[in-house]
Number of protein chains: 2
Amino acid sequence: MNIGILGTGSVGATIGTRLVELGHLVMMGGRAATNEKAAAWVATTGADASQGTFADAAAFGEILFNCTKGEASADALRLAGADNLRGKTLLDVSNALDFSNGFPPSLSVCNTDSLGEQLQRAFPEARIVKTLNTMWAGLMVNPTMLADGAHSVFVSGNDAAAKRQATELLRAFGWPDASIIDLGDLSTARGTEMVLPLWLRLYGKLQTGAFNLAVVRQ
Amino acid sequence: MNIGILGTGSVGATIGTRLVELGHLVMMGGRAATNEKAAAWVATTGADASQGTFADAAAFGEILFNCTKGEASADALRLAGADNLRGKTLLDVSNALDFSNGFPPSLSVCNTDSLGEQLQRAFPEARIVKTLNTMWAGLMVNPTMLADGAHSVFVSGNDAAAKRQATELLRAFGWPDASIIDLGDLSTARGTEMVLPLWLRLYGKLQTGAFNLAVVRQ
């Protein structure tokens, strides 16, 4: 499948590389058509990897990932273009972290709204699925490196078919069915985005990103 | 030990009953000196249980629990009286849930502040430890009923001795050392209080409170 990644940072590269490993063709999109980080990723990832603008990557992909920083996401999707987003499943991995007052960051949107919902309102014809945003990128695409994948990934979205498509990709990454928790509609992304302040404190304490939250139940 | 519980709801009753089981003398405090719910709790819990006003319970306890609703906590502590709180470890189990717009509630304070910090600023001589607020009351005091206690309880506070005292009580409740995570100072309560929106969605989905988050690490 052709998959477009919006964002040229380490999260996009990690997801892009894994998608290529799984046999997909992946285009990484940035603000400019060429970009040092995207070029380096293409060079190390091989012939199934390519780069372009946000619009190029969004047009290329049948499924899209938003891996931009939260503060840049709305602008990235605008540059990607509503026409290129229309009807497509968009896995939104971003978090609205605001580092303007230093570390730890606060959230620029939370509680009665979420970044996922903001993006969905701005691009109503995209089929946004909030997922994977509660963990370190290494675990997103290789969950079995920790406790055989016995920890949780959350899925929020308004479109059932898009959530099924997102869930298929999660399974391909190695997520066991029992670890994938469909929380409901996109407003449930408020909850998962609000995990970040705890995550950041745990990251500071544990000094590694190789941890995750698990929902333990009877 | 004499322990005071501020709040006459089910969380206070659950914690109070467990503390009596563990051999403590417990006074439950409410707005009035007598209260139907507190009276029912005393009647079923026995001679080591008593009731009184917030001030009575705060004066009685060497250690205190804030089990009031978040919206009522500042007022409850004011009624308890700064003199009765001074120097005492106060385990703050409350959450700033705002149900004014229905279910699920939002938080009335979060992100750049927390209820725990608000209470600490209002009562600087109390030694507030935010803990246990991320789960159902039944699990707070009987963690081994789920996965032998292999799930997480967080501790946040500015006073190391108070955190040690709180941790001793957690151990007495049955929390394994490996499940007790000291996140740092009281500002880390922002993170644990912000877990509530996720918790509430999980509660809605799982239809039971008998679940908890675990930090899974290598």
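Predicted model: local features only at pLDDT ≥ 70, side-chain atom pairs only at ≥ 80, totals over all residues.
Residues are numbered from 1 along each chain as its sequence is written, and chains are lettered from A in the order in which they are written. Local features need pLDDT of at least 70 and side-chain atom pairs count only at pLDDT 80 or more, while totals for chains, interfaces and linings use all residues.

Strand β9 of chain A covers residues 153-157 (strands are DSSP runs of E of at least two residues, helices runs of H or I of at least four, both numbered from the N terminus). Because 5 of its 5 residues are buried, β9(A) is largely enclosed by the rest of the structure (buried: 20 or more other C-beta atoms within 10 Å of the residue's own, with C-beta atoms placed from the backbone). A:V153, A:V155 and A:G157 lie on one side, and A:F154 and A:S156 on the other.

β9(A) pairs with β8(A), residues 127-131, in the antiparallel sense over 3 bridges (pairing requires at least two DSSP bridges). In β9(A), A:S156 stands opposite A:K130. β10(A), residues 180-184, runs parallel to β9(A) and is joined to it by 4 bridges; here A:F154 stands opposite A:I181.

Between the chains, 31 residues of chain A are in contact with 32 residues of chain B (contact: C-beta atoms, placed from the backbone, within 7 Å). β11(A) gives the most to the side of chain A that touches chain B, with 7 residues. β11(A) is also joined to β11(B), residues 211-217, by 7 bridges, and the two strands run antiparallel. A:N212 stands opposite B:V216 in β11(B).

Terms used:
Buried ≥ 20, exposed ≤ 12 C-beta atoms within 10 Å, placed from the backbone. Contact = placed C-beta atoms within 7 Å.
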